[in-house]
Amino acid sequence: MNDNILNDYTLRELQILSGKILSDHPITASSNMIKKFKADHDSVQFYKNVIMWYIELYEEFPDNYL
């Protein structure tokens with residue numbers, strides 16, 4: 001369901017959401033944590049993975065970041 005929602009966002013919106021999540025969240029500060037979001041050189045999938053991680057962790061969509 002959430003992945004379908006993410007398909008409605010533009011590339012720039014995905015970049016902004018994932019960038020703010022990564023910069024604001026203390027858990028993501030390590031390179032080991034960043035590796036968790038790896039998407040085989042697909043930046044769009046990387047952004048989506050970060051957002052999905054946030055949704056799973058907080059059980060809410062990070063709309064307040066836009």
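Leaving aside residues up to four places away in sequence, serine 18 touches Tyr47, Val50 and Ile51, where contact means heavy atoms within 4.5 Å. Serine 18 sits in helix 2, and with a relative accessible area of 2% it is buried. The cut-offs for that word are simple: buried is under 20% relative accessible area, exposed is over 50%, and partly exposed is in between, using a 1.4 Å probe and protein chains only. Helices here are DSSP runs of H or I with at least four residues, strands are runs of E with at least two, and both are numbered from the N terminus.

Before going further, a word on where this comes from. This is a predicted model, so local features need pLDDT of at least 70 and side-chain atom pairs count only at pLDDT 80 or more, while totals for chains, interfaces and linings use all residues. Residues are numbered from 1 along each chain as its sequence is written, and side-chain values use heavy atoms, with hydrogens and water left out.

Now zoom out. The protein has four helices and zero strands, so reading along the sequence gives α-α-α-α. Of its 66 residues, 33% count as buried. Take the contacts between residues at least 6 apart in sequence: 61% of them join residues at least 24 apart.

What about the inside? In soluble globular proteins, nonpolar side chains tend to be buried together. A nonpolar core, as used here, is a set of buried Ala, Val, Leu, Ile, Met, Phe, Trp, Tyr and Cys residues joined through side-chain atoms within 4.5 Å. The largest one in this model has 15 residues, and the members that touch the most others are Leu6, Leu14, Ile21, Phe37, Val50, Ile51 and Trp53. Helix 2 (11-24) and helix 4 (43-58) are the elements that give two or more residues to this core. Helix 4 gives the most, with seven residues.

Helix 4 deserves a walk from end to end. The 16 residues of helix 4 should span 22 Å at 1.5 Å a residue, and the end C-alpha atoms are 23 Å apart, which agrees; the expected span is 1.5 Å times one less than the number of residues. Its buried residues are Tyr47, Lys48, Val50, Ile51, Met52, Trp53, Tyr54 and Ile55. After the helix comes glutamate 59, with a positive phi near 55 degrees, and this is a residue other than glycine. Glutamate 59 is exposed, at a relative accessible area of 73%.

The aromatic rings come next. Rings of Phe, Tyr and Trp (its six-membered ring) pair if their centres lie within 6.5 Å; planes under 30 degrees apart are stacked, over 60 edge-to-face, and the rest tilted. The whole structure holds five such pairs. One of them joins tyrosine 54 and tyrosine 58, tilted, at 4.8 Å centre to centre with 45 degrees between the planes. These two tyrosines are four residues apart in helix 4, so about one helical turn separates them. An α-helix has 3.6 residues a turn, so residues three or four places apart point the same way. Even so, tyrosine 54 is buried at 6% relative accessible area, whereas tyrosine 58 is partly exposed at 40%. Elsewhere, Phe37, Phe46, Tyr47 and Trp53 form one aromatic cluster.

Finally, look at some places where the chain comes back on itself. Leucine 17, in helix 2, is buried at 0% relative accessibility. Its C-alpha atom is separated by 7.3 Å from that of proline 62, 45 residues apart along the chain. Isoleucine 5, in helix 1, is partly exposed at 31%, and its C-alpha atom is 9.9 Å from that of phenylalanine 61, 56 residues apart along the chain. Threonine 10 lies in the loop between helix 1 (2-6) and helix 2 and is partly exposed at 42%. The C-alpha atoms of threonine 10 and valine 44, 34 residues apart along the chain, are separated by 9.8 Å.
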